[in-house]
Each structure stands twice: as C-alpha cells, then as structure tokens.
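I opened my notebook to look up two things.

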Amino acid sequence: MAALINVVDSFRRFFDGDVWYSFKRNPLVIVATVAALIGILGAAFAPWIAPHNPFDLKTLNLLDAFSPPAWSELGKPQFWLGTDDQGRDVLSTIMHGSRVSLVVGICAVFLSMVVGITLGLISGYVGGSVDAFIMRVADIQLSFPAILIALLIDGVARAVIGKEHHDQVAVYVLIFAIAASGWVQYARTVRGSTLVERNKEYVQAAQVIGRRSLAIMFSHVLPNVMGPVFVLATLHVGTAIITEATLSFLGVGVPPTQPSLGTLIRVGNDFLFSGEWWITVFPGLALVFLVLSINIIGDWLRDALNPKLR
Amino acid sequence: MNQKKSNILLDVRDVAKEFDVSKPWLNRIIERQDKQILKAVDGVSFTINRGETLSLVGESGCGKSTVARLVCGLYTPSRGSIHFDGVDMAEAEGDTLRKLRARFQMIFQDPYASLNQRWRVGKIIAEPILVHGLGKPGSALNKRVGELLTQVGLSPLDAEKFPHEFSGGQRQRVSIARALSSNPEFLVCDEPTSALDVSVQAQILNLMKDLQREFGLTYLFISHNLAVVSHISNRVGVMYLGRLVEVADTNRIFTMPLHPYTQMLQSAIPDLKMTGKQRTPVAGEVPNPLTPPTGCAFHPRCPHANERCKRERPEMIDHPEGGQVACHGVEEKRINMIKLAA
Amino acid sequence: MNPPLLQVKNLRIEFPTRRGILVAVDDISFDIAAGEVLGVVGESGAGKSLTGAAVIGLLEPPGRIAGGEIIFNGKRIDNLPFEEIRKIRGREIGAIFQDPLTSLNPLYTIGRQITETIETHLALTHAQARTRAIELLNEVGIPAADKRIDHYPHQFSGGMRQRVVISLALAANPKLIIADEPTTALDVSIQAQIITLLKKLGREHGTAVMLVTHDMGVIAETADRVAVMYAGRIAEIGPVADVIHHPQHPYTIGLMGAIPNVGDNNERLAQIDGSMPRLTAIPAGCAFNPRCTRRADVPNQRCTTERPGLLPAGMTQAACWLHAGQSGKRSEAENEKKSDENRKMVSV
C-alpha cells in the first residue's frame with residue numbers, strides 16, 4: 001500500500017515539477033515526442049499491426065514487385081508505400097525493420113549504461129590507481145572511432161564463431177559491439193559527478209554509520225549522479241541506431257533474415273538509379289525522423305534538467 | 001584518580017594526522033620541489049568524561065574538524081591512539097568495530113549536504129538502525145522513526161518528505177534524529193549551528209541540551225564561535241595550527257584565559273553588550289599550515305614571545321587555576337593573569 | 001538640517017515566477033545621513049541583501065524594483081538607464097561583498113584593478129592613480145604596499161583580500177558604501193581587524209555605510225543606527241544602543257534573547273518558536289504574528305488583519321500594534337521599564 005502511494009506521489013511530483021512545465025511550453029518537443037512514440041509503438045507492435053507480413057513467403061507475389069507508392073499512377077492501394085523487388089510491402093518492412101533497429105539500439109545503450117555507470121562509480125569513489133587504470137583504458141578506447149571498434153568486434157566474432165552459427169548470434173554480437181564503443185561517455189560523466197558527491201557530508205555520514213563502500217556507492221551516490229546519464233542515454237539511442245544502420249549498410253550488421261532499417265536502405269540502394277526510389281528513400285526517411293525525434297527530446301531534456309538554466 | 005578513569009568515555013592520546021599534499025611525482029621532479037606534508041593535527045591529547053560536553057574551538061586551519069573526523073574513524077591517525085570506552089579504535093575489527101560504531105554518531109555543519117537529496121527523510125533516519133541490525137523494515141521501524149522525529153521537534157508525517165522540502169534548521173533536526181537512531185552514547189558535532197540563523201541556532205542548541213539531559217549523552221562539540229561554546233560546554237579546548245594550547249572548565253576559560261591566543265580570541269568577540277571595551281587588536285593572520293613556525297606555533301603573533309618560544313614547542317602542563325596550558329610564558333609566570341568579568 | 005544622503009521610500013522588490021509573483025521586499029523606507037553607518041540586520045530570507053543590491057543597481061533579473069523610490073543626493077536613481085547607474089556606481093556608491101575570493105579578478109594584479117577603478121572615475125594620470133592606489137593600500141593596512149601592489153589576489157590571505165576589496169570600494173572616494181556581509185567569511189580575529197578598519201575609514205573619509213549582516217555583534221560595534229528586517233519588512237529601526245538594549249518589537253526582543261553571550265552561565269537561550277515564513281506564504285497582517293507571544297495583547301485581532309507601519313516606540317520605531325497610540329518620545333526610564341516588561345513576556 002505504501003509503495004503504491006509512493007508511486008502515485010512520484011507521478012504527482014513529476015507533473016507538478018519544472019520538467020513537465022518546460023515540456024508543455026515547447027511545441028517542437030511535443031511533436032518530436034509524439035513522432036517518436038508513433039515510431040516506437042509502431043515498431044513494437046509491428047507483428048500485429050503491420051498491414052502485411054513481409055516475411056511470410058506464402059503471401060508474397062512476384063507480380064506485386066516494384067509497385068510504386070499508393071498515391072502514384074501505377075500504385076496498388078494495399079501497398080501504401082509501394083513494394084520492393086520481392087513484392088514485400090515497404091511500410092511493413094519499415095515497421096519490422098524499425099523494430100530490429102530499436103531493439104539493437106536500446107539494448108546496446110542499456111548495456112553501455114550499466115558498464116559505464118559501474119566503472120565510473122568505482123573510478124570516482126575509489127580513486128587512486130584503480131581510477132587511473134580505468135580512465136586510461138577509456139582514453140585508449142576513445143582514440144578509436146566507434147565504427148572501427150564495432151567492426152573489429154564483429155570481425156573477431158565471425159572468425160571465432162564461424163559463419164553458420166554467426167547469423168543466430170549476430171544481433172547479440174552487434175549489441176555488444178555498439179555497447180563497447182559507447183560506455184566511455186557514461187563512465188566519464190559519472191566519475192566526474194562521483195568525485196563531487198563523495199566529498200559531501202551525507203557520504204561521510206554513511207561512512208560513520210559503518211556502511212561498506214559498495215553499498216555507499218550504489219545506494220547513496222548513484223541516485224545523485226543519474227541526472228546527466230539520462231540525457232546522454234537519450235542522445236546515445238540515436239547514435240546507436242545510426243551505428244547499427246551503418247554497420248548493416250556495410251553488410252556487417254544484422255543478418256539478412258532480420259533486416260533492420262540499415263539493411264533496407266542498402267538493399268534499396270541498388271534500385272535507386274533504376275527509378276524505384278521508394279525502396280530506399282522511405283526507410284531512409286523513417287530512420288532520419290526516428291533519430292531526429294529522439295535527438296530533439298534529448299536536447300530538450302538536457303536543458304530542462306540543468307538547474308542553472310531554470 | 002582511579003574512579004575518574006572509568007568515567008572516561010573518549011581518550012585521545014598524542015594523535016596526529018598528516019596529509020600528503022605534494023604535487024604529482026612528475027611535476028615534483030621537473031619543478032624540483034620537495035614533498036609537501038600538511039600536518040593538520042600535530043599531537044593532540046584530551047579526554048572526555050561520560051555525560052559531559054567538551055568543545056574544541058579555534059579558527060580556520062587549526063585542525064578541529066580533522067580531530068572530529070579522526071575520532072569518528074573517517075581518518076586513521078598518522079600517530080597516536082584513540083580509545084573509546086577503553087577500546088583502542090585502531091585494534092578493533094569486524095564485529096567489534098561495528099558494535100563500537102553504533103555507540104557514536106556525527107552531526108555535520110552543512111544541513112544541505114549532510115542529507116542525501118534523493119532519499120526520503122524516513123529512510124535517512126532509519127539507516128543506522130538497519131545497518132546495525134537494531135531493527136527490521138516494517139511497522140515497528142516506522143514507529144521508531146516517528147518517535148525520533150517527534151523527539152527532535154518534527155512530525156512523524158515528515159518521514160515521507162524529501163530533504164529539500166525542509167528549511168536549514170529543520171534539516172539539522174533530521175540530522176540529529178539520524179544520529180540518535182542507533183541509541184548512541186557519544187555524539188561528535190562538527191559546527192552544527194554555524195550555517196544556521198541566530199534564532200534557529202538557539203532552537204537547535206536548546207534541543208541538544210534537552211537531549212543530552214534526557215539520554216545522558218556525551219558531546220564533542222566543534223565550533224569557531226566562542227559565545228555558542230560558552231553556552232553548551234562543560235569544558236573547552238582551544239586549538240591553534242593543529243595543536244591544543246589550552247583546556248579547562250568553561251568558567252575558567254572565559255573568566256581567566258591563560259594562553260595569549262585564548263586571551264586574543266576573547267577580545268576579538270564582538271562587543272554586543274557595548275561595554276565599549278578596548279581591545280588589543282590581534283596582530284597578523286594564521287600562518288600557512290604547510291610551513292608552521294618553529295617552536296611554539298603562536299610565537300609570531302604573540303606579544304610575550306621570547307627566544308625559548310621560537311625554539312622549543314611548549315608541552316601541556318597542569319595549571320593551579322585549573323585545566324592545562326601549553327605556553328612557556330605561563331609556565332615561567334611571565335604573563336599577567338587577567339581576570340575577566342563573569 | 002541637511003537632507004539625508006540616501007532616502008529609500010516604500011521600496012518594493014518582486015520576483016515573477018511561474019507560480020506567481022513573490023514579494024521579497026515589501027514597502028520599506030529608511031534614510032542614511034552623510035557619514036552615518038546604518039546596519040541592516042536580519043536572518044536569511046529577510047530581504048536585506050536584496051535591499052543593498054537594489055540601492056546600488058545590481059539587482060539580478062528576474063528580480064526587479066516594483067515600487068517606491070531610491071533617492072541619492074537629492075536625485076532619483078532607481079529608474080535611471082544603465083549608463084547613468086554605471087557612472088554613479090563606484091564613484092558615488094561603492095560596494096563590498098561577502099566573498100573576497102570572488103570579488104577580485106584572479107587574472108589581474110590588484111594594482112591594476114585599483115588603478116583601473118581610479119582612472120575610470122577620477123581624472124588622474126596613470127602615475128597619479130598608482131600613487132593613490134599605494135596610499136589606499138597603506139590606509140587599509142596592507143604591509144609593504146608598494147611591493148604588494150603588483151601581486152595577484154591568490155597571493156593574499158582571506159583577510160588581506162578583504163582589505164584590498166575595501167580599498168577598491170574607497171578608490172573613487174564614494175559617499176556611500178554598501179557592505180554586504182563583509183566579515184562573515186572571515187575568522188573571528190580577522191573579523192575584529194576588519195571591523196576596526198571600517199570604522200576608522202568611515203570616520204576619516206566621512207563615508208556613509210550601509211552594513212548588511214546577520215551578525216548583531218558586528219552591528220553593535222560598527223553601526224550608529226540599525227534596521228531589523230523580517231520577511232521583507234522593517235520590524236524595528238533606531239539608534240543602535242536603543243535597539244540592542246531596549247528592543248521594542250517582539251521579534252527584536254526574541255532575536256536579542258536568542259544570541260548567546262559569553263558569561264550568561266549556561267542558561268537556556270530564549271527561542272522564537274517556528275521559523276521565518278517562506279516568501280510564498282507570508283501571513284496577512286503583521287508578518288511576525290504567528291510566532292508572536294504578544295498577539296493577544298492587541299485588541300480586535302489587529303495583528304492578523306492589518307499590517308502595522310513603523311510606529312514611534314520609545315527611542316526607536318517599531319512596526320508593531322503594541323505601540324499604536326504612542327506619540328512622542330518617552331523618557332529613558334520609561335523606555336527601559338517598557339522593554340523589560342516586554343522581555344519578560346516573550347517566551348523563554
């Protein structure tokens with residue numbers, strides 16, 4: 001009962017607070033949030049709400065192939081955005097593709113956060129040689145471009161696991177690769193905030209009480225350093241999706257059986273100059289709008305959460 | 001003498017704390033600098049009896065806050081020992097140490113930074129109880145938290161609120177409630193009222209005195225404000241640049257300060273009663289603790305300093321008027337004793 | 001009778017926020033005569049720093065002056081354009097703030113900062129300005145001023161820095177200095193030195209000082225008159241000895257009782273229950289009434305409905321209905337008797 005009251009209370013506090021106020025007054029952010037929600041929900045419920053199932057070979061008809069979007073002359077009304085070379089409905093492939101892109105993006109960000117926050121907390125709290133070591137590893141990693149790191153991990157995985165099994169675990173390898181290239185920013189931010197917090201008296205009070213360092217780090221310091229992390233994470237989702245799209249475009253991302261937006265763009269690219277522009281342009285636009293909306297939200301969140309700007 | 005000994009709750013013996021504030025190794029090599037050691041506390045000894053309040057008073061850089069943290073175990077002494085109820089803190093480990101920790105608590109100066117912003121007040125107060133295994137989450141715990149809140153003058157309903165919903169004085173009350181929750185015998189108070197307004201300070205000081213009476217608490221009270229110290233302490237210790245220069249009963253310290261630094265501190269108190277007292281303006285400023293003066297740390301500012309003062313560091317010696325003083329001038333009876341109006 | 005150097009009339013300072021307009025200073029009036037030291041004392045949130053900032057034109061937006069007038073040397077200054085205020089600031093009105101560390105620019109030598117101020121406001125050559133700067137540093141007690149003039153702020157200790165800030169404030173020989181908590185960040189012994197210095201300089205230069213602080217002890221030593229502020233209003237104003245020894249407003253009485261004094265022999269400190277109201281919840285009528293123990297002594301529940309103006313109360317003026325109906329000054333003896341009665345009735 002008390003827990004329920006706490007939850008209701010938290011909601012009430014949120015809607016009473018400055019962040020919601022800032023949100024209400026920002027039409028661009030509201031539009032971006034709606035767009036992002038449409039994209040995410042559309043992707044999440046794709047298997048149920050997509051007009052066609054692009055992976056069910058029985059429903060595909062080669063005669064439907066290369067149909068332009070529904071509003072143009074030769075378009076077929078049931079394929080709103082046209083079809084690709086195999087007769088798959090582009091809208092449905094976009095919805096399913098977004099699903100893969102979002103899953104990879106969000107999981108990669110989540111993994112990144114967990115690793116980055118933990119290392120940042122330990123680095124900032126313990127200090128000394130542990131701090132120096134972790135930060136040097138971070139520095140070294142930052143001198144490599146993220147894409148290269150992801151390519152490297154992917155390449156190693158392919159070599160180690162072998163081609164046949166690789167397709168099954170490709171998504172996990174991809175998530176791991178993107179996460180590995182992204183943890184540093186969380187670690188650095190959290191380390192900075194931890195260095196500030198650990199000198200505050202509430203941490204000393206917990207030490208006097210006799211709590212162990214690990215407990216202090218995660219129960220006392222962590223809630224106080226999470227603010228900037230949310231902003232980073234929101235922006236990172238956009239980057240992660242683009243990284244995944246790039247890798248898939250290059251052919252080293254998700255396997256062709258689970259196409260993501262990147263794969264779709266690559267596949268459609270081949271047909272761009274023969275006139276069937278919709279096969280690559282629509283997935284491209286979907287990617288752009290999805291990432292753009294998320295970035296707008298992330299930008300706004302950073303300013304809304306910054307106490308100095310309020 | 002033996003009876004008194006068992007009455008001693010805290011026994012600090014020749015405690016010192018050094019901090020290495022040297023620049024990083026590479027810088028030192030390149031700039032050809034020596035290692036720099038900051039002697040924050042340089043050989044301090046005192047005792048506190050059960051049920052009494054000892055105040056440590058001094059200006060910035062005197063090391064009183066460091067002493068507070070040493071007593072609480074936040075720092076380990078570079079030298080010397082601290083005995084709590086007969087047990088050497090450095091030797092206690094594991095379970096013994098944990099049980100010991102339940103018996104003392106600390107209250108901090110900054111009411112804003114001493115409470116975790118993200119925790120509800122009830123959780124903050126309950127933490128010592130849970131950590132020391134004195135209770136389990138549930139209605140009994142909530143009741144106890146409510147009791148503690150009432151004892152410090154707040155309402156049990158305040159347990160659901162966050163710290164930022166309270167004023168500075170109220171937050172300090174929450175700090176006190178947290179400190180009391182593990183039923184400690186000993187509280188270390190590091191400038192608990194310095195950040196508060198005068199009227200709020202009066203409330204908190206009265207509260208602390210009431211709680212001391214009710215629960216038989218022992219206080220180590222750190223402050224730079226002599227007037228506050230005169231109200232709350234039984235005994236006062238005056239510190240300067242990491243050393244104790246005088247310790248005595250409150251009455252003796254304020255009516256007959258013996259050490260020249262204590263005398264100067266007294267005369268520096270603003271004259272609220274407007275008696276138009278003439279002061280000897282205090283000369284100079286507290287020297288850089290990284291390069292303390294030789295011999296007696298106070299000699300550059302002392303009107304009575306002689307050659308011996310520049311060479312030899314004075315020891316704390318008992319004085320017939322009560323308490324102890326560390327001053328060659330007092331020992332050699334060179335300094336006139338001033339009796340101030342009570 | 002010369003007109004006062006500074007006249008503040010019905011000053012009102014507001015902060016528009018999304019939850020409504022907060023009134024931080026509500027209709028206060030006071031004067032400062034030439035050469036006088038007026039202490040403005042109060043606890044945090046009372047509005048004293050804002051008053052000081054408003055006088056010198058440094059009120060930070062969104063705070064704004066929403067009413068009243070500030071008249072300096074016969075001229076209204078609260079409604080002047082930025083350029084005009086800038087000319088007055090420094091030349092006619094100087095300022096000393098609390099934190100000497102941030103009051104000085106760490107990148108320039110103090111000599112440069114002082115000569116810059118002098119040259120901006122006085123028509124002196126660079127060499128003359130430097131000589132004057134060294135004189136000033138000597139006056140404020142900086143040893144070896146001619147060498148230290150070329151040092152940077154970080155090479156000075158806290159007390160020395162505050163002396164430099166004072167010399168900066170005095171550089172252009174202003175008629176009024178606003179000092180906002182000038183000794184709060186300093187050690188007790190340094191505080192004593194700075195207070196002595198301020199008094200000496202005030203006498204020698206004939207500069208008026210508006211000394212804003214929460215420390216009654218500093219006021220007792222330095223000020224000629226004192227205004228006690230509470231919740232954005234003046235509770236009591238009068239000569240310093242009278243306000244301290246014979247306070248007439250229940251808040252002042254409570255405040256004086258709450259201040260610990262050496263030699264009071266461990267009595268319980270008089271405490272005022274409750275706390276200063278937040279700006280969003282200032283009570284109707286007299287702002288102090290919920291905490292006041294004398295409320296019942298005023299007929300018709302006037303304290304909760306009508307806000308009292310400053311009424312003559314013995315040797316001072318107090319914004320309290322207990323003094324309604326008093327006219328003219330009472331004798332010293334009557335004054336003492338009255339405040340003793342008041343003191344006994346306030347809770348202990």
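I began with C:Ile237, whose bridge partner in S12(C) is C:Gln317. S10 (residues 233-239) and S12 (residues 316-318) of chain C run antiparallel and share two bridges. I count strands as paired when DSSP finds at least two bridges between them; strands are DSSP E runs of at least two residues and helices are H or I runs of at least four, numbered from the N terminus.

A note on the source: this is a predicted model, where local features need pLDDT of at least 70, side-chain atom pairs count only at pLDDT 80 or more, and totals for chains, interfaces and linings use all residues. Residues are numbered from 1 along each chain as its sequence is written, chains are lettered from A and ligands numbered from 1 in the order written, and side-chain values use heavy atoms, without hydrogens and water.

Next I traced the whole sheet. It is open, with eight strands in the order S6-S7-S8-S3-S9-S10-S12-S11 (chain C) and mixed pairing. S6 (93-96) and S11 (311-313) of chain C are the edges; each has a single partner strand, so one side of each lacks a neighbour in the sheet.

Then I turned to chains B and C. The contact (heavy atoms within 4.5 Å) takes 43 residues from chain B and 44 residues from chain C. I found one salt bridge across this interface. It joins C:Arg268 and B:Asp210 at 3.0 Å, N to O; the rule wants a side-chain nitrogen of Lys or Arg within 4 Å of a carboxyl oxygen of Asp or Glu.
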